[in-house]
Amino acid sequence: MPKGYWIARVDVRDAEKYKDYVAASKIAFDKYGARFLARGGAHEKAEGEGRARNVVIEFETLQVASDCYHSPEYQRAAAIRQQVADGEIVLVEGV
């Protein structure tokens with residue numbers, strides 16, 4: 001069965017408060033077996049609008065990725081993130 005992935009692109013407005021999101025989201029990520037493949041770091045904007053922070057997270061399946069995103073644990077963390085950052089998250093199935 002193909003893996004599932006989150007692809008997140010984020011501009012953080014308040015780095016100090018974003019740390020609260022990182023701590024809160026860890027609960028969901030641990031519960032759903034998230035594996036970070038890219039988390040910030042150097043990047044090249046090849047096309048389109050870029051964001052300062054780019055993250056790729058692997059899950060066992062797309063369903064597990066979706067379950068994590070929609071979980072109460074992650075939604076509590078997302079509420080924090082949405083107050084201090086702008087961005088997009090897409091959930092995709094691997095090949």
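Predicted model: local features only at pLDDT ≥ 70, side-chain atom pairs only at ≥ 80, totals over all residues.

Me: Which residue in S3 is the bridge partner of Gly4?
Reply: Follow the S1 and S3 pairing along. Ile7 faces Val56 in S3. Gly4 has a partner in S3 too, and that partner is Phe59.

Me: In what order do the strands form the sheet?
Reply: S2 joins S3 through 4 bridges, running antiparallel. S1 and S4 pair over 9 bridges, also in the antiparallel sense. Together, 4 strands make an open, antiparallel sheet in the order S2-S3-S1-S4.

Me: Which are the edge strands?
Reply: Edge strands pair on one side only. The twist from one strand to the next averages 15 degrees. The edges are strand S2 (35–39) and strand S4 (85–93).

Me: About what angle does helix H2 make with S4?
Reply: Helix H2 (residues 62–70) packs on the sheet and touches S1, S3 and S4. Contact here means heavy atoms within 4.5 Å. Axes are lines fitted to C-alpha atoms, for helices over the stretch in contact, and angles run from 0 to 180 degrees between N-to-C directions. H3 packs on the sheet at about 140 degrees to S4, while for H2 the angle is about 150 degrees.

Me: Is Cys68 buried or exposed?
Reply: Cys68 lies in helix H2. Leaving aside neighbours within four places in sequence, Cys68 is in contact with Trp6, Ala28, Phe29, Tyr32, Phe59 and Tyr74. The relative accessible area of Cys68 is 0%. Under 20% is buried, over 50% exposed and in between partly exposed (1.4 Å probe, protein chains only), so Cys68 is buried.

Me: Why is the pair of Phe29 and Phe36 called edge-to-face?
Reply: Rings of Phe, Tyr and Trp (its six-membered ring) pair if their centres lie within 6.5 Å; planes under 30 degrees apart are stacked, over 60 edge-to-face and the rest tilted. That rule gives 9 aromatic pairs. The centres of Phe29 and Phe36 are 5.2 Å apart, and the pair is edge-to-face because the planes stand at 85 degrees.

Me: How many residues apart in sequence are the parts tied together by Phe29 and Tyr74?
Reply: Phe29 and Tyr74 form a tilted pair, 5.8 Å centre to centre with 35 degrees between the planes. Both residues are buried. Phe29 lies in helix H1 (residues 15–31) and Tyr74 in helix H3 (residues 72–84), so the parts they tie together have a sequence separation of 45 residues.

Me: How far is the charged end of Arg39 from the ring centre of Phe36?
Reply: Phe36 is partly exposed, at 28% relative accessibility. A charge sits over a ring if NZ of Lys or CZ of Arg is within 6 Å of the ring centre and within 35 degrees of the ring normal. The charged end of Arg39 sits over the Phe36 ring, and its distance from the centre is 3.9 Å.

Me: Which side chain makes a polar contact with that of Glu73?
Reply: Glu73 is found in helix H3 and is buried, at 16% relative accessible area. A polar contact is a pair of N or O atoms within 3.5 Å; within protein, one must be able to donate a hydrogen and the other to accept it, and residues adjacent in sequence count only if both atoms are side-chain atoms. At 2.8 Å, the partner of Glu73 is Lys31.

Methods: Residues numbered from 1 in each chain as written. Heavy atoms only, no water. Helix = DSSP H or I, 4+ residues; strand = E, 2+ residues; numbered from the N terminus. Pairing = 2+ DSSP bridges.
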